[in-house]
Amino acid sequence: MRSRIVGTGSYVPPRVLTNADLERMVETSDEWIVKRTGIKERRVASPGEACSDLGVRAAERALEAAGVPAGDLDFILMATCTGDAPLPSTACLVQHRLGATRAAACDVSAACCGFVYALAVGDSFIRTGAQHVLVIGSEVMSAITDWTDRGTCILFGDGAGAVVLSATDEDRGILSSHLHSDGSLGDLICVPGGGSRMPPSEKVVAERMQYIKMKGNETYEVAVKTLVRSAKEALEHNKLSVGEIDLYVPHQANLRIIKAVAHRLGLPMEKIVLNIDRYGNTSAASIPLALDEAVRAGRLQEGATVLLSAFGSGLTWASSVVRW
Ligand code: UT7
């Protein structure tokens with residue numbers, strides 16, 4: 001038994017934050033941001049709009065595309081690092097709003113790798129008997145972004161993407177998942193405050209510890225290395241050459257990172273799904289959002305071989321190969 005992606009969906013909040021807007025908030029320029037990251041604008045949730053709100057809309061679209069009623073879902077996996085609240089899990093909020101009364105639900109915390117990790121968990125459940133699993137990546141990164149830090153605030157955006165996995169006995173669907181971590185690099189991207197180590201306090205807020213801190217240069221180096229390594233591992237495992245990849249959906253963190261990875265792999269840019277210019281880095285939402293856009297643009301034909309790969313805080317890196 002394999003799991004097949006039978007429907008995709010995505011949602012981004014309507015509010016657009018352009019580089020020109022950021023020029024008015026921190027000392028930066030459109031030229032610098034475009035040159036160093038490829039980002040032109042990003043979406044930002046409205047006040048009161050939370051992770052589950054975005055996730056539900058993406059999920060509804062994925063369920064509709066799949067033709068699977070919410071009541072048939074066995075499991076809902078929500079990849080996010082910006083859930084509505086520490087408790088309950090955001091997946092449970094989504095489960096209730098979708099009316100997925102039979103489904104188990106939990107969040108998966110693996111930052112920008114969250115979706116690929118959750119996809120692997122969903123795939124495992126299907127291989128052991130589940131029929132339908134909903135996997136969502138949803139983030140309101142604007143809630144943990146320090147809008148006074150030009151080193152990070154230019155990068156992130158809000159959005160959600162979702163896929164429905166269904167059991168199949170056909171020789172297609174998810175062919176492999178490779179998941180990795182290295183906690184020794186945990187300080188490269190972190191939110192130091194607000195958890196049990198440093199519970200919310202006036203000091204945490206005064207020192208802006210509830211926001212993302214990132215060592216950009218070091219992260220950049222590791223990102224290129226881990227994306228190349230995980231792509232090669234996935235190709236070798238499936239005995240595929242780079243030329244046999246029809247579509248590559250990388251985590252959208254920085255256009256320069258994606259170009260460097262493509263160059264090192266020898267993968268032409270036409271085979272890569274890019275939307276970083278419009279959304280920035282949406283963490284766990286980035287891959288399902290890009291995948292849904294590719295599906296709806298007709299870029300995926302039956303039988304196509306798709307490589308998904310991500311890296312992120314943790315540090316984590318992960319890949320998935322899917323035969324469409
Ligand atoms: O999914 C999460 C994973 N995170 C990432 O993938 C992030 C990976 N890192 C990056 O994408 C890049 O390191 C950044 C885009 C964050 C930064 O680009 P960079 O080319 O590495 O720039 P830098 O940090 O080396 O800074 C170069 C210069 C510095 O000025 P000086 O010291 O040369 O005078 C910075 O202070 O650019 C300055 N700078 C800025 N200037 C204008 C840093 N941020 C900005 C800014 N606008 N927003």
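Glu-302 is exposed, with a relative accessible area of 66%, where exposed means over 50%, buried under 20% and partly exposed in between, for a 1.4 Å probe and protein chains only. The residue forms a salt bridge with Arg-172, whose closest N atom lies 3.6 Å from the closest O atom of Glu-302; the term denotes a side-chain nitrogen of Lys or Arg within 4 Å of a carboxyl oxygen of Asp or Glu. Arg-172, in contrast, is buried, at 11% relative accessible area.

The model is predicted, with local features requiring pLDDT of at least 70 and side-chain atom pairs counted only at pLDDT 80 or more, while totals for chains, interfaces and linings use all residues. Residues are numbered from 1 along each chain as its sequence is written, and side-chain values use heavy atoms, with hydrogens and water left out.

**Salt bridges**

The whole structure contains 12 salt bridges. Side chains of opposite charge can pair when their charged atoms come close. Helices (H or I, at least four residues) and strands (E, at least two) are DSSP runs, numbered from the N terminus. Glu-170 joins Arg-172 and Glu-302 in a network of salt bridges.

Arg-278, in helix α10 (residues 276–279), and Glu-293, in helix α11, are 15 residues apart. Arg-278 is partly exposed at 31% relative accessible area, and Glu-293 is also partly exposed, at 22%. Arg-296 and Asp-292 are 4 residues apart in helix α11, so about one helical turn separates them. Arg-296 is exposed, with 52% relative accessible area, whereas Asp-292 counts as buried at 3%.

**Nonpolar cores**

A nonpolar core is a set of buried Ala, Val, Leu, Ile, Met, Phe, Trp, Tyr and Cys residues joined through side-chain atoms within 4.5 Å. The largest has 42 residues, of which Ile-245, Tyr-248, Ile-257, Val-261, Leu-307 and Phe-311 touch the most other members. At least two residues of this core come from each of α8 (216–237), α9 (255–265), β12 (305–312) and β13 (316–323), and α8 gives the most, with 9 residues. Because domain 1 (2–170) and domain 2 (175–323) both contribute residues, this core lies between them; the domain bounds come from an automatic or database domain assignment.

Apart from neighbours within four places in sequence, the contacts of Phe-311 (heavy atoms within 4.5 Å) include Cys-112, Cys-113, Ala-223, Leu-227, Ile-257 and Trp-317. A second, separate core of 35 residues includes Ile-5, Phe-115, Tyr-117 and Val-322.

**Aromatic pair**

The structure holds 1 aromatic pair, a term for rings of Phe, Tyr and Trp (its six-membered ring) whose centres lie within 6.5 Å; planes under 30 degrees apart count as stacked, over 60 as edge-to-face and the rest as tilted. The ring centres of Phe-75 and Phe-125 are 4.7 Å apart and their planes stand at 85°, so the pair is edge-to-face. Phe-75 in strand β4 (residues 75–79) and Phe-125 in helix α5 (residues 114–127) are 50 residues apart. Phe-75 counts as buried at 9% relative accessibility, and Phe-125 as partly exposed at 40%.
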